[in-house]
Amino acid sequence: MSAPAPVVIAPTDASVLPAHLRHPTAAIGKWIGVSFTVLFLTAMIILPAANIFRQAFGISWESLRSPSQLVEDVKAGVPRYFQVFRMPEQDSSTMARPERRKYQSARAQAEKTRSAIGMTLGIAAIVVPLNLLFGLAAAWAVTKFRFRGRTLFVSLIDLPFAVSPVVAGLIFVLLMGRVGFCGDWATKISWPVPTSLEWQGFAQSWIPLGFSNWQRGIIFTPFAIALASIFVTFPFIARALIPLMQNQGTEQEQAALTLGAGGWRMFFKVTLPQIKWALLYGTILCLARCVGEFGAVSVVSGSTDPNDTMPLRIEKLWQEYNTQAAFSVASLLAVVSVMTLLLKIVIEKRAAAQFSDKKQEAQ
Amino acid sequence: MSSRPANILPGFGLSFGYASLYMSLLVLIPLAGLGLKTSNLSWDQFRNTITNPHVMAAYKLSFSAALAAALLNGVFGTVIAWTLVRYRFPGRKFFDAIIDLPFAMPTAVAGLTFGDLYGYVPLLARTADAQPWTFEIYGLYGLDVRDWCRVTVMLTFVGLPYVIRSIQPILQDWDMETEQAAMSLGAGPATIMRRLIAPEIWPAWISGVALAFARGVGEYGSIIFIASNIPGLSQIAPQLILDRIYDPIDPEKKIAAATAIAVVMLIVSLIVLLLLNGLDYLSRRHRA
């Protein structure tokens with residue numbers, strides 16, 4: 001069995017080469033390469049990322065030159081940042097009319113932003129577990145068994161990567177929109193909103209739990225947003241698991257079975273501990289993509305305010321010239337993406353440690 | 001990898017059944033709907049939709065900017081991957097880590113901040129000119145130059161990790177002794193590049209460029225924040241699809257048009273990915 005390549009970087013440095021083997025142009029090459037890399041990545045990644053937080057906290061460019069301006073900007077910017085998400089209670093009846101209007105609209109905006117955050121979290125709470133189950137099942141079937149059409153199955157998993165997010169949204173409109181194939185059925189169907197599950201007592205039926213909020217139709221409702229998000233994010237977990245499980249083979253599971261473990265016990269005690277880091281990584285990628293998905297969701301959301309997810313809310317705020325609010329919402333998503341990166345580094349380290357432990361055991 | 005004829009592991013029926021059911025319901029059947037809708041279109045309808053000047057302009061913008069961005073990434077990505085693997089400098093691990101940020105960052109957020117940050121750079125700036133600055137060269141004729149540059153810069157960001165992450169492992173596993181042998185035999189850096197390193201990394205390089213291209217063609221979220229989205233001048237193909245879907249006049253016809261536009265995009269991405277698989281197969285056979 002071939003061992004997987006370790007994730008740690010092997011030290012291959014031209015500047016470590018002995019002097020007589022080093023080419024005279026190596027130093028120039030290093031100077032050019034390093035300065036280009038630093039400048040390019042700063043311009044393309046660090047500055048744009050920093051700019052999100054600069055705008056979110058309302059820090060002007062002038063404040064980079066004068067510290068007193070910076071202090072002033074931050075003092076004004078931080079409360080405004082939080083007001084994007086929650087406008088403090090104030091008694092609006094004593095306000096003058098234009099101020100009251102302004103206050104009430106800011107309150108309404110903050111409410112919409114909060115509902116967008118709730119919508120994003122709710123969609124992720126539905127999409128990620130479903131894709132997790134699929135990823136585990138697909139990886140198990142593909143890596144532990146040989147069957148006809150296996151290669152086709154694996155390449156079908158990758159299919160959503162080839163599809164533009166907008167096309168991913170379009171196919172659900174084609175299927176379940178008013179003029180779609182299942183249009184007659186899909187525009188009439190009612191479905192319960194999961195968050196409206198509540199205790200209703202035994203008066204109505206013998207099941208005390210029930211939904212108080214039902215929605216009609218699929219396209220242009222959160223149902224379609226969840227479907228489109230599933231479509232766009234479903235390869236991530238399977239993709240993270242398949243190479244790893246392929247390398248691990250089936251010997252350990254077979255040993256567990258011969259020692260008398262049941263199927264589920266074998267899965268939870270043998271397989272799951274081996275793949276936990278890859279599974280976590282795939283889940284996080286899936287979550288990050290699901291939370292930030294824009295194209296597919298904007299097709300099926302119908303651009304009504306209650307259906308907004310965070311990226312759609314960002315677009316609306318930006319179109320209303322509410323730059324600071326748009327960047328404030330964007331800053332939350334930026335934090336999620338930075339956390340994803342950090343977790344990826346941690347997980348790669350853990351996976352490398354797990355791998356080297358195994359190698360030591362083998363020796 | 002076990003190649004035992006009799007597999008005693010349980011759960012094949014359950015896992016395969018569940019996975020294929022899930023995939024069919026959520027991915028394959030909806031995608032098949034796209035094909036079905038297209039086959040309902042007559043050839044004339046399809047051709048008329050595709051050859052509409054706005055649609056042609058959108059394709060030109062989407063494909064040319066995605067190609068330019070992929071090639072830019074091919075060049076810059078090679079330099080960056082080389083630098084990260086071969087040289088030690090302060091902050092190397094940090095720069096290595098942030099390369100994945102374009103994968104993790106939502107495209108809408110990226111577009112928002114790029115538009116804000118680079119909206120004032122001369123070549124990229126939004127202007128209130130009545131007369132747009134358009135391309136005069138064949139192939140891109142009539143597209144807005146500034147918007148084309150903006151879209152290209154954005155797509156360069158979006159596709160940044162692909163080339164780097166595909167050639168980096170090869171450069172890392174590269175055996176330096178071959179290179180030292182070549183050097184001691186009198187080969188200069190250019191010869192080593194051309195005769196030793198280039199043959200080793202080109203399949204991965206092409207696959208990275210192709211992935212960046214396929215990603216760029218379909219990109220939507222970031223572009224709408226930075227391009228002016230004027231039909232025929234600076235509108236990308238996905239934006240056109242969205243416009244057709246939300247067009248209230250004659251929805252049936254408009255959705256059919258959106259389908260035709262989408263099918264062409266999908267076919268191009270699928271061809272690129274198929275070529276990629278073929279290339280992968282060839283290079284593997286070449287090595288074996």
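This is a predicted model: local features need pLDDT of at least 70, side-chain atom pairs count only at pLDDT 80 or more; totals for chains, interfaces and linings use all residues.
Good morning. I begin with a pair of helices in chain A. On one side, α9(A) contributes Phe236(A), Ile237(A), Arg239(A), Ala240(A), Leu241(A), Leu244(A), Met245(A) and Gln248(A). Facing these residues, α11(A) supplies Gln274(A), Ile275(A), Ala278(A), Leu279(A), Tyr281(A), Gly282(A), Thr283(A), Leu285(A), Cys286(A) and Arg289(A). Sorted by class, the residues of this contact comprise 12 nonpolar, four polar and two charged.

The geometry of the pair is as follows. Helix α9 of chain A covers residues 235-248 and helix α11 of chain A covers residues 263-292. Their axes lie 7 Å apart, and the packing angle is about 165°. Angles over 145 degrees count as roughly antiparallel, and α9(A) and α11(A) are therefore described in that way. The crossing of α9(A) and α11(A) is right-handed.

I turn to a second pair, also in chain A. Helix α6 spans residues 165-176 and helix α8 spans residues 222-233. Here the axes come within 10 Å and cross at roughly 135°. Because of that angle, α6(A) is oblique to α8(A). This crossing of α6(A) and α8(A) is right-handed. From α6(A), the residues in the contact are Pro165(A), Ala168(A), Gly169(A) and Phe172(A). From α8(A), they are Ala224(A), Leu227(A), Ala228(A), Phe231(A) and Val232(A). By class, the contact of α6(A) with α8(A) has eight nonpolar residues, one polar residue and no charged residues.

Helix α2 of chain A, residues 67-85, is built from 19 residues. From first C-alpha to last, α2 reaches 28 Å, close to the 27 Å expected at 1.5 Å a residue. Where does the kink in α2(A) lie? The kink, of about 25°, is at Gly77(A), shortly before the proline Pro79(A).

I come now to the two chains together. How many residues does each chain bring to the contact? Chain A brings 84 residues and chain B brings 78 residues. On the side of chain A that touches chain B, the largest share comes from helix α1 of chain A, residues 26-56, with 17 residues. That side of chain A has 57 nonpolar, 20 polar and seven charged residues.

Finally, chain B itself. Chain B has 13 helices and zero strands, and its pattern along the sequence is accordingly written as a run of α elements. Along the principal axes, the C-alpha atoms of chain B fill a box of roughly 70 × 65 × 35 Å.

Thank you for your attention.

Definitions and conventions
Residues are numbered from 1 along each chain as its sequence is written. Chains are lettered from A and ligands numbered from 1 in the order in which they are written. Helices (H or I, at least four residues) and strands (E, at least two) are DSSP runs, numbered from the N terminus. The expected span of a helix is 1.5 Å times one less than its number of residues. The bend at a residue is the angle between axes fitted to the seven residues ending there and the seven starting there. Two residues are in contact if their C-beta atoms, placed from the backbone, lie within 7 Å. Ala, Val, Leu, Ile, Met, Phe, Trp, Tyr, Cys and Pro count as nonpolar, Asp, Glu, Lys and Arg as charged, and the others, Gly among them, as polar. Axes are lines fitted to C-alpha atoms, for helices over the stretch in contact, and angles run from 0 to 180 degrees between N-to-C directions. Angles under 35 degrees count as roughly parallel, over 145 as roughly antiparallel, 65 to 115 as roughly perpendicular and the rest as oblique. A crossing is left-handed if the near helix is turned anticlockwise from the far one by less than a right angle, and right-handed if clockwise.
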